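Student: I should like to go through this protein with you, element by element. Could we begin with the helix faces and then move on to the sheets?

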Amino acid sequence: MDPNRLIEIPIFSHLSDEEAKRLAAFATETSVADGQILMKQGDYSTELIAIQEGTADVIQNGDKIASLGQGDLIGEMGLIEREPRNADVIATSPMRVMKLTHWEIRRMSDETLDRIKEIVAKRRQDGVGDPAH
């Protein structure tokens, strides 16, 4: 993945050039078709997904609970806390996403991990949470 595309994602925008290059080497970019399931409720979290382009809906127990778009993260809470997903995430348009597995997350600097954990804590405080945790 191009490090410049990685730092376009808000959570990774403050990475140093060196860290962006290192993380970009492990990140994968992929296309997602409209209607494709990105995450399934009940599955264990194995990856974090950042939406670069497109939209998706979060469906929990058959009810739509959120809509996601460019710059949104999916699955970071479950990944960090190693818990099952609490919702399905289904593409509502063609998408371009960046994925990092739990192995790549472990290679991040403490500063980047702390930033992700801060986002998780803020979402919980605001009552938002990771819609696909």
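**Helix faces, sheets and salt bridges**

Tutor: In this predicted model, the face of helix 2 that is turned away from its buried side carries the exposed residues D17, E18, K21 and A25.

Student: And which residues of helix 2 are buried?

Tutor: The buried residues of helix 2, which spans residues 17-26, are E19, A20, L23 and A24. They lie on the same side of helix 2, because they cover an arc of only 130 degrees around the axis.

Student: Why do residues three or four places apart point the same way?

Tutor: An α-helix has 3.6 residues a turn, so residues at that spacing point the same way.

Student: How many bridges join strand 4 and strand 5?

Tutor: Strand 4, residues 56-60, pairs with strand 5 over five bridges in the antiparallel sense. Within this pair, D57 stands opposite S67 in strand 5.

Student: Is D57 buried or exposed?

Tutor: D57 counts as buried, because its relative accessible area is 16%, and the cut-off for buried is under 20%. D57 also forms a salt bridge with K64, with the closest N and O atoms 3.6 Å apart.

Student: How many bridges join strand 3 to strand 8?

Tutor: Six bridges join strand 3 (residues 47-53) to strand 8 (residues 95-101), and the two run antiparallel. E53 stands opposite R96 in strand 8.

Student: You mentioned a salt bridge. How many are there in the whole structure?

Tutor: A search of the whole structure finds three salt bridges. One of them joins E29 and R5, whose closest N and O atoms are 2.8 Å apart. This pair links distant parts of the chain, since E29 is in strand 1 and R5 is in helix 1 (residues 3-6), 24 residues apart. E29 counts as partly exposed at 25% relative accessibility, and R5 is also partly exposed, with a relative accessible area of 25%.

Student: Which residue meets K99 in a salt bridge?

Tutor: The side chain of K99 meets that of E47, at 3.8 Å from N to O. Here too the pair links distant parts of the chain: K99 is in strand 8 and E47 is in strand 3, 52 residues apart. K99 is partly exposed, at 23% relative accessibility, whereas E47 is buried, with a relative accessible area of 17%.

Student: One last topic. Where is confidence lowest, and where is it highest?

Tutor: Confidence is lowest in helix 3 (residues 76-81), with a mean of 69, and highest in strand 7 (residues 88-91), at 95. The protein averages a pLDDT of 83, and 87% of the residues score at least 70. Where pLDDT is low, the predicted coordinates should not be read in detail.

How values were computed: Residues numbered from 1 in each chain as written. Predicted model: local features only at pLDDT ≥ 70, side-chain atom pairs only at ≥ 80, totals over all residues. Heavy atoms only, no water. Pairing = 2+ DSSP bridges. Helix = DSSP H or I, 4+ residues; strand = E, 2+ residues; numbered from the N terminus. Salt bridge = Lys/Arg side-chain N within 4 Å of Asp/Glu carboxyl O. Buried < 20%, exposed > 50% of the residue type's maximum accessible area, 1.4 Å probe, protein only. Arc of directions from axis to C-beta. pLDDT = per-residue confidence, 0-100.
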